[in-house]
Amino acid sequence: MSSRIPFSYIWRNLVTRKLTTLLTAGGMALVVFVYATVLMLEAGLEQTLVATGSADNVTVIRKGSQTEVQSAVDRTQAAIIESNRHVASGRDGSKLIAKEQVVLISLNKRGTVKPGNVVIRGTSSVGLTLRPQVQLSQGRMFRPGSAEVIAGRAIAERFHGAGVGETLRFGQREWLVVGVFDAGKTGFNSEIWADGELMMQSFRRPVFSAATFKLAESHQFDALVKELEADPRLTVEAKRETQFYADQSRVMAMFISYLGVTLSVIFSLGAVIGAMITMYAAVASRVGEVGTLRAIGFNRRAVMLAFLVESLLLSLLGGVVGLLLASGMQFFTISTMNWQTFSELAFSFSLTPGIVAKALVFSLVMGLLGGFLPAARAARLNIVDALRAG
Amino acid sequence: MFTFLIKSAFLNAWRHRLRAVLTVTGLVVAILAFGLLKTIVSAWYAGADAASDARLIMRSSVSLVFSLPISYKDRIRQVDGVDAVSWANWFGGVYLDERNFFPQFAVSNGYLDQYPEFLISEAEKKAWLVDRRGGVAGRKLANRYGWKVGDVIPIKGTIFSGNWSFVLRAIYDGREANTDENQFYFHWDYLNESMKKVSPRRADRAGVFIITIDKPENAAAISGVIDAEFRNSLAETLTETEKAFQLGFVAMTEAIVVAIEIVSYVVILIIMAVMANTMAMAARERVSEYATLKALGFLPSYIATLIVLESLLLCAVGAAIGVALTYPLAEVFGSFFESFLPVFNVADTTPWLQLLSAVMIALIAALIPAVRSARVRIVDGLRSIG
């Protein structure tokens, strides 16, 4: 006879030992929580930086510099790029190119004296056209040529002086914040935008940092790169905007991922040991029962399976609770300095179906590892000895 | 009486060998993880801890991205209480590959004299001073890439474009355990000469000025005087102590530090659940024994103490092994993350925090079982079959 041990037997065993079940599953829930949270952070960072760019846009920076802040493109070079035939034209016939100056200013976080480096992008109305994901949510756009700025939502909320009606001081001038823009889940949310020409005068920096333009036809990217590289007057490199922003978070993404893997491995060791202790105890206290089960005809495999399923149930409970806890983290946003760009970047935790699956599999693996040895012990028990022990 | 109590607690703990071993292993892992995470946090603050009170850092008030004219040096020197001034530029180049990150600074002559914690032999220092392309590297950095004095080090510029090469002329050792030995210095003059040729607008500028003052207690006053000197100029300044400057960096990545701190307490919570489970199971199995003890006349407090002692004993063993392993593990871990966290030392307070959390785990884990067992009615306990 090789029938399975009824599921209700397994389930009731967990219910009977409420405290033990709760503590073991609780430990696992915390591990799954940490694991899922780190994955969510990684996914959130990736979403933010990938969503920042558009695949049809190309960003050109000086060769060798990795970020817009490090880069410098002078007016002559910018004009040469603008005249390239691959740059798309707008409805009025003007080229869709935003020649921008990007600098960092140090602002204090609201209510503290803790500084953060915030990106100020000197742009024009074309800059807004090229990035349809940027929408004004409050106030109005800055007027060209005046000392007005608009701030990204993450900056307006977190930094002193960046809300509508407040003023910021940089470049020997007071700048009035006239609007707040919402750029969805993109890096632009962590920027302040101002009029490019006025900014260049204020900072006495007569060069652009980068030029971003729309490709006339998206598939011509390779041809464009070739042309720009062949031009002896230019010392620049071009990247698709999506790639450009993805590259800027590589170090941060790697850090989060390494840290996450290390933590998950170490923490899951603790949880596996917890499950093992619980399952060994479950086996030890039920030696008599196991003997009876075997005596009435359940074979070793059925007994082993019953204990394994019990352990898996326990870990699944932990996994589900952990995921529930982790899903609450979606309401939080993390804002920190991105080492590569040296500037503040806000991103949130993002729960994807893939992460749910990964976290559940992770918890089941913990249950399997923790339950295997005890289940094997239960299965190996000798019927006569087991019955006598009960 | 007390030795008897301890002996009983020990025998109780050791009754289920497998469970005791598993629990202690879990504790070791948790205490170790806690210690390691605490060490990461302290590594974050290493720069601020190593900072001297007698040095001020002056930078552009807008942000570090903006440089200051070199002519400011003379006006700083005139301020009362200023002993020495030097300046530096962050170079931020790439050595062979982007993964090989280490800080590089172009520094003026006199910079290294302001950092007495960098120990360099006189001969090497002289060799560096006379070589325009000369470079100085920290011991750890030199060891990581196998550099020897005389080697040529190619670095690709990012902020200052072009391919640069330097000749390693000196290697410095840290005087203190927390001195950063992961930095690379070369002559600011060399950088400046090149800038004059390629990009005159960027020549004669410094990213930061390092100002040594006579008495640390005058730091605030001197900073105020210096900043007032340059107020309403084209490049306004912000002067602060080296410590405040370094803490500013920590503050920028504060979210990460806070996350690591939180996680370090989560691991304690996890192991607390495991430990509490062990104690709950042990107590439940022994209900009839505890009832027997009570029937024999032992007080409830005696039984509670017995359980608490058992828990403490397990945690003490786990913590002792965990603390002992923290040091070698930190060393291994530190060598992996050398380029990110150059100073990776276990802080003096860390082992105490580890012990404290072990005691907390023991007490909280034993709380419910101890109270329950002490309260058990003798008849119920004797009737129980575990």
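What is the mean pLDDT of chain B, and what share of its residues reach 70 or more? The structure shown here is a predicted model, and for chain B the mean pLDDT is 92, with 99% of the residues at 70 or more. Within chain B the confidence is lowest in helix α14 of chain B, residues 378-383, where the mean is 84, and it is highest in strand β9 of chain B, residues 184-187, at 97. For the complex, the predictor gives an ipTM of 0.86 together with a pTM of 0.88.

With this in mind, we can turn to how chain B is built. Chain B is divided into domain 1, which is made of residues 2-46 + 254-383, and domain 2, which covers residues 62-235. Taken over C-alpha atoms, the centres of domain 1 of chain B and domain 2 of chain B are 48 Å apart. Where these domains touch, six residues of domain 1 of chain B are in contact with nine residues of domain 2 of chain B, and on the domain 1 side of chain B the touching residues are three nonpolar, two polar and one charged.

Note on methods. Residues numbered from 1 in each chain as written. Chains lettered and ligands numbered in written order. Predicted model: local features only at pLDDT ≥ 70, side-chain atom pairs only at ≥ 80, totals over all residues. pLDDT = per-residue confidence, 0-100. Helix = DSSP H or I, 4+ residues; strand = E, 2+ residues; numbered from the N terminus. Domains from an automatic or database assignment. Contact = placed C-beta atoms within 7 Å. Nonpolar A, V, L, I, M, F, W, Y, C, P; charged D, E, K, R; others polar.
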